[in-house]
Amino acid sequence: MGRKYVFDFDSTLTQVEALDVLAEMTLQGRIDRDDVIAQIQEITNLGIDGDISFTQSLESRIKLLKAHKEHLKPLVEELRQKISKSIASNKEFFQKFSDDIYVISCGFKEFIDPIVAEYDIPSERVYANTFKFDEEGNIVGFDETNVLATHNGKIECLKMLDLEGEVQVIGDGYSDYVMREAGIAHKFFAYTENVHREKAASNADHVAPNLDEFLFVNDLPRNLSYPKNRIKILLLENVHPVAFDNLSEDGFSVELVDRSLSEDELIERIKGVHVLGIRSKTQITPKVLDAANKLLVIGAFCIGTTQIDLDSCKKHGIVVFNAPYSNTRSVVELALGQIIMLMRFIFPRNKELHSGIWNKTASNSHEVRGKNLGIVGYGNIGKQLSVLAEAMGMRVYYYDIEDRLALGNAVKCDTLEDLLNVSDVVSLHIDDNPANKNFIGERELAQMRKGAFLINLSRGFVVDIPHLVEALKTKKLAGAAFDVYPKEPRKNGRFESELQQLDNVILTPHIGGSTEEAQRDIADFVPNKIMAYINSGNTVDAVNFPNIRLPKQVNAHRFLHIHENVPGIMARINEVLAQYDMNIIGQYLSTDSDVGYVITDLDKDYNKQVIKDLKRIEHTIKFRVLY
Ligand SMILES: NC(=O)C1=CN([C@@H]2O[C@H](COP(=O)(O)OP(=O)(O)OC[C@H]3O[C@@H](n4cnc5c(N)ncnc54)[C@H](O)[C@@H]3O)[C@@H](O)[C@H]2O)C=CC1
Ligand SMILES: O=C(O)C(=O)COP(=O)(O)O
């Protein structure tokens, strides 16, 4: 005996409560509009949660509404735009199971019928109230003889229907749950895509954050093979809240942690996590990756990626993205500020004055105009600094191991020594490659001008700190500004460094890229990359993986196969597909020396056994099905 599916309408099939929308329309232009809308919403909620009788709730709302027949057409138009997202994307289910789907709603047939008709639910399977109109077409009441106008009317309604087979109820409210409580329905799915009502959720057999989850649990035809709410995302290190919004709005289950986690903590937390978001502090080691049984992608919500073992990630089929541009401007602005602060000895003056000492002096204070700025590492940050520093009248010299075109009037130095010899300020912007450890050591410090300044906003290990301390103490250098350190704490609290208490040394706690603007931009950039990979397999801009931009696939399944790059895998994949008579409508391959990434788009229906066979192909690292 088949199953029957009983759907609620308001806030389940649509994102909204239709009577609230109607109120917005009818009350337009009235000065007490906001008050009346608030009253209506409150009454709606009281009714849904069963705190007042439904008839009472309906009567009061209709009275406040003052609606007219003519409002119904625009109302339906509006509701059409407000179909719940996962309902709209699973139209096929409604079409295929049309005979088994019912709507039982305490709303009104006048607006429900036209909406659900588009989902192949005919009027005779829609059970709802009907309006009463006066001669002028004003809505003055409702058919009071309808059971759905009474308290717990849904129970009576479903009883009268006397449906055969297992009855499943899908709705957002307690008034839907009561059908299950009364024993007429067999299962109640609390539908939370639009609103989470605790009273319904806590009583439900299953909480369905969307229709994908409901269809998945029942193994029914669906648009997504795996519901997004089952994809777990763990975001560490206090990433900007917009990242949470972006990812949860797309349907993922997102958890936030405001600090970095140690290896042991991460090993504990990473199980079952599909997407991990980190910043510069979290170390992703092979041990962490071994524990990451579900991990598909890591988002570095920063520029640097050496905290991540990129090769191990690749071997595990884990794709890594970063945000290479979002915080560059913020770093540049801080560097500019530090150049001025250092050359004017502002921090020593500031410290003196805070401790009650007035020391007005021009000694050693200089304008930055006409001074030589040496930029080491002429990449995204170095180049921007070059342009802005020239705008302040500085003469820019730069050194890079790669050939980099000079911007403006900047002068390229052939050797680091040339740059160090000529610069009044040296600013380090080389990348976080471990080969850059102690890049500025005793010899390089000796090559700097007497009385020069050193700025490091790149990575702490790039400078040999004991030798720098020596150079500062002996006054070889007149000052330094450091934002990064060889050892940085995982969370806010105590910090110790040999650079503390030195004259004219500005210390900041790795905040070069920590501005609202930069973090906000990263919170869009990285989630977009993550979503593009999870939702369609795109790896454009991945830092450790063959890059591939895929076309949007409509009406097809997409198989993503990651394997070790050894000869013959592609042929094996296609052999398996041929065995199952699968029609390939598109196939894309991208490889690097270690891995191959094959994406195959196929006609709709397929034998599930094919997945097992594809996973069994030797050298397979990961396999995933989309749609
Ligand atoms: N303090 C903070 O909050 C932030 C720090 N950073 C750090 O800033 C640094 C620079 O970032 P981007 O400009 O985006 O990197 P980038 O990759 O665009 O540029 C780095 C440049 O350094 C050059 N380079 C590398 N090693 C070198 C060497 N030994 N000698 C000379 N040149 C060398 C590269 O060829 C490249 O042109 C990175 O280490 C990054 O992690 C980035 C953002 C925020
Ligand atoms: O972007 C980078 O590489 C940085 O150093 C900034 O890191 P953060 O996001 O502040 O941990």
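The structure is a predicted model, in which local features need pLDDT of at least 70 and side-chain atom pairs count only at pLDDT 80 or more, while totals for chains, interfaces and linings use all residues. Residues are numbered from 1 along each chain as its sequence is written, and chains are lettered from A and ligands numbered from 1 in the order in which they are written.

**The sheet**

Begin by selecting the open sheet of six strands, whose order is E3-E2-E1-E6-E7-E8 with parallel pairing. Helices (H or I, at least four residues) and strands (E, at least two) are DSSP runs numbered from the N terminus, and two strands pair if DSSP finds at least two bridges between them. Strands E3 (126-129) and E8 (206-208) each have a single partner strand, so one side of each is left without a neighbour in the sheet. On average, neighbouring strands are turned by 20 degrees against each other, direction ignored; axes are lines fitted to C-alpha atoms, for helices over the stretch in contact, and angles run from 0 to 180 degrees between N-to-C directions.

Next, select E7 (residues 187-191), which pairs with E8 in the parallel sense over three bridges. Ala-190 has Val-207 in E8 as its bridge partner.

**Helices on the sheet**

Two residues are in contact if their C-beta atoms, placed from the backbone, lie within 7 Å.

Then select H5 (residues 72-80) and H8 (residues 109-117), whose axes come within 10 Å and cross at roughly 45 degrees. H5 and H8 are therefore oblique to each other; angles under 35 degrees count as roughly parallel, over 145 as roughly antiparallel, 65 to 115 as roughly perpendicular and the rest as oblique. From H5, display Leu-72, Leu-75, Val-76, Leu-79 and Arg-80, which meet Glu-110, Phe-111, Pro-114 and Ile-115 of H8.

**The ligand sites**

Select ligand 1 and the 32 residues around it, of which Gly-377, Gly-379, Ile-381, Gly-512 and Gly-513 come nearest. A residue is near a molecule or strand if its C-beta atom, placed from the backbone, lies within 6 Å of it. Helix H19 (380-391) and helix H17 (328-343) are the elements giving two or more residues to this shell, and H19 supplies the largest share, three residues.

Finally, select ligand 2, whose surrounding residues include Arg-279, Lys-281, Phe-301, Cys-302, His-510 and Gly-513.
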